[in-house]
Amino acid sequence: MKKTILYLLLGLSLGVQAQGVIDEVIWVVGDEAILRSEVEDERLRAQYEGQQIKGDPYCVIPEQMAIQKLFLHQAELDSVEANESTVSHQVDMRMNYYINQIGSKEKMEEYFRKPSSEIREEMMTVVRNQMTIQQMQQKLTSNIKPTPAEIRRFYLDLPPDSIPMMPAQVEVQILSFEPPVPVEETERIKQRLREFTERIQSGSADFSMLARLYSEDTESAKHGGELGFVGKGTLVPEFAEVAFNLNDPKRVSRVVQTEYGYHIIQLIEKKGDRINCRHILLRPRISATDKVNAIERLDSIRQLILADSIQFEQAVIRFSEDKNTVMNAGLMINPNTGSSRFEYQDLAPEIAKQIYNMNEGDVSQPFVMMDQQKNREVCAIVMLKKKTDVHRANLTDDFQTIKSMLEAKKGEELLHDWIIQKQKTTFIQISPEWQGCDFEYPGWIHNNN
């Protein structure tokens, strides 16, 4: 089954518009038209981005557009709508990505040969359609719930060479905490930020310049501390509360503490429920002595675990400061899959290095690592809970993987059949010169009126 059902051509024709095309309606699906220029724009966009189209683009592209319209029409009938807040957030992320990659909003507009308002409007339509179609497909396939017996039959019927190889995977428990930051260091950081504020307010320094020179948020520092338009839910609460209460772009906020460090913030612009601001982030430094003390403390905890004076899980609850794992007895969860299994490359390098030669039940020596979310150092020990070597998928170790394979197969079959049935009940008209195609779904021609 081809993946064209799930990966529709929903590209945004930015800066690669067809030139000199005499426009005409080439397909009609229901009451929606597909124009020759739309197909040409999409073909040029795919060519521009190096995207491979399998087959004749003048056959593949309009068929995919027609499939898109079938799903969108059904979504309208079933009142399936994308969440506008989520759409707006995704568009903000894409706009910020373009601006970061190209260098500025003005350069982006020049690159795409459109004002940013028009780029955003087109993106809103594209993302809204993508999300709506995805939700419609999820609704259509939501009742696919194979039984254990079906999953077993599916697995036993798989040709041996179709059973996937599963990479080595591990389950890891972690106990970590941050070495304490001296009060003197915290005060030093806050005073530095207050000095920045005084320089900005007096006009002797520019916020953007100071952000580029000193902010420890390296990504935003490249753009003078600017974060781009974001919604309140995108920001950590302490930061959002202060940022969204700013009203004067000439003023600088008080010093704000978050889990990432200490900030000062300056408003750039408010637009509805979104805000664009810039900030400077400084983080207190942990001394070498504090790190040594933390390592020694962790080593004492490790010795208690090895002596069976305390279980690793009990030690986590008692000592760990990792809020993401402490209520799960230290068990780490893979953010990419939602499971507790990790491939080595999915782990923080410091953890992967520790557990590579460990056996199940072993507890590592204390080590220092970077907390990727907070981008600061923590001290930790880890225990290897389970280790699975490279193997062919089996029902004992990889039941969820096999279940997902069966669900995906059933989902593709259901959507394929749904499109065929939808063709029979939808008005479809294709211009004669566009009919000579080897379509994936021949029903377009059979239903051509």
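How far apart are the mean positions of the positive and negative charges of the protein chain? For its 53 positive and 67 negative charges they are 3 Å apart, where Lys and Arg count as positive and Asp and Glu as negative, while His and the chain ends are not counted, and where each charge is placed at NZ of Lys, CZ of Arg, CG of Asp or CD of Glu.

This is a predicted model, in which local features need pLDDT of at least 70 and side-chain atom pairs count only at pLDDT 80 or more, while totals for chains, interfaces and linings use all residues. Residues are numbered from 1 along each chain as its sequence is written, and side-chain values use heavy atoms, with hydrogens and water left out.

The protein chain holds 15 helices and twelve strands, which are DSSP runs numbered from the N terminus (helices H or I, at least four residues; strands E, at least two). Of its 449 residues, 45% count as buried, a word that here stands for under 20% relative accessible area, with exposed over 50% and partly exposed in between (1.4 Å probe, protein chains only).

One disulfide is counted, meaning a pair of cysteine sulfur atoms within 2.5 Å, and it joins Cys59 to Cys437 with an S to S distance of 1.9 Å. Because Cys59 lies in helix 2 (residues 57-77) and Cys437 in the loop between strand 12 (428-430) and helix 15 (443-446), the pair ties together parts that are 378 residues apart in sequence. Both Cys59 and Cys437 are buried, and Cys277 also counts as buried because its relative accessibility is 0%.
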